[in-house]
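Welcome! Take a moment with the sequence and the model, and then let us walk through a few of the strands together.

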Amino acid sequence: MSKVLVTGGAGYIGSHMCVELLQAGTDVVVLDNLSNSCAKSLEAVQRITQKKLNFIEGDLRDKSTLAKLFEHNDISAVLHFGGLKAVGESVNNPLSYYDNNVNGTLCLIEAMTNADVKTIVFSSTATVYGVPDTMPITEDFPTNPINPYGQTKLTIEHMLRDLHNSDPGWSISMLRYFNPVGAHPSGEIGENPNGIPNNLMPYLSQVAVGVLPRLQVFGDDYPTHDGTGIRDYIHVVDLVRGHLNALEFLQDNPVLAIHNLGTGTGHSVYEVVEAFEQASGKTIPCEVIERRAGDAAESFADPTKANEELNWRAEYDLHRMCVDSWRWQEMHPRGY
Ligand code: NAD
Ligand code: UD1
């Protein structure tokens, strides 16, 4: 029976993907080197779904592991989440980002070619757009990433496009995520950052649960309605459901396609804080500090292309994102 390979399946988004796949009746193989995750997430996935998956602990760059994986499993498609994603770390250590992300994807594509598996959904990011002048962002906006992480993602997009040009038999979906947040409603899986979180929602959650003392707001002098940065937050369950639609789309249209995955609605930092306070019943102490280098005033998607072509639409609102983030955090104050 054919299976789907989920690279990076033990991570934040990948583990939610595994739940949706198993619940849809798909057999799942996970490849993850656990460099930014732990196998407990996959135990939780199996508890939630009451189904088993096949976990292979290994690295994308390990060609023999990949060859064996494709030899021993009848894989029909790959959902490729595996890679590194911390912007600041990518500035300090760019080569490990090129190695993990670009070289890792190259090794994966080679192994897929050898196994004649030619369907892939790739986790790209809105970071590839850089800091556009106008909003909302459509897929035809120029790409101009301003950090090495974004460069590696754009390089992979170029590599996949060249591959498709050389062999149109490939079916390739590149999904540009806006700001994934939230957690599975069971509270069993969620975002589990190493050390102090860089991103707003996990940071807020750790303040609310008492692990961190206060939120530092990175600037309140942006040209936005309350002066704080605006982003398009999207519930992780909505996000991974978009991948199921992308897989279906590729079955009907063997093409290379790019889609934004966002809600189309922006929320300011203060709006997120207020929603989180309501969801958790906790007060979040805030301190305004200077802007974070490289941050845009606002970023939000035009998701029309995904709405129409993938027949997909984000369903959960900011309140639900906060409720689910908080449930996960409260049940796991220090992560897994
Ligand atoms: P994550 O770090 O939780 O998950 C990534 C997983 O990949 C981890 O489990 C890690 O151990 C694994 N991994 C890393 N390098 C590997 C390698 N060389 N071989 C095998 N496994 C490897 O991150 P996430 O938030 O779940 O993100 C998943 C994907 O989505 C990433 O590609 C990320 O760049 C992309 N993305 C994430 C966001 C976000 O805000 N979370 C936004 C846009 C795009
Ligand atoms: C960050 C990444 C981006 C990635 C995205 C994924 C950076 C510079 N960019 O973007 O590449 O694709 O996550 O979700 O890291 N904020 C605070 N205090 C905090 C944290 C954040 O005020 O402690 C503000 C930020 O200034 C921003 C908003 O909250 O206005 C959201 O920040 P964050 O969650 O880090 O997401 P992005 O900046 O969109």
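Strand β5 (residues 119-125) is mostly covered, with seven of its seven residues buried; buried means under 20% relative accessible area, using a 1.4 Å probe and protein chains only. Strands here are DSSP runs of E with at least two residues, and helices are runs of H or I with at least four, numbered from the N terminus. This is a predicted model, where local features need pLDDT of at least 70, side-chain atom pairs count only at pLDDT 80 or more, and totals for chains, interfaces and linings use all residues. Residues are numbered from 1 along each chain as its sequence is written, and side-chain values use heavy atoms, leaving out hydrogens and water.

In a regular strand the side chains alternate between the two faces of the sheet. From β5, Thr119, Val121, Ser123 and Thr125 point one way, while Ile120, Phe122 and Ser124 point the other way, and all are buried.

Two strands pair if DSSP finds at least two bridges between them.

| Strands | Sense | Bridges |
|---|---|---|
| β4 (residues 75-80) and β5 | parallel | three bridges |
| β5 and β6 (residues 171-177) | parallel | seven bridges |
| β9 (residues 230-231) and β12 | antiparallel | two bridges |

Val78 has Ile120 in β5 as its bridge partner, and Thr125 stands opposite Tyr177 in β6.

## A second sheet region

Three strands form an open sheet in the order β12-β9-β14, with mixed pairing. Because β12 (267-268) and β14 (298-299) stand at the edges with a single partner strand each, one side of each is left without a neighbour in the sheet. Ile230 has Ser268 in β12 as its bridge partner.

Conventions
Chains are lettered from A and ligands numbered from 1 in the order in which they are written. Buried means under 20% relative accessible area, exposed over 50%, partly exposed in between (1.4 Å probe, protein chains only).
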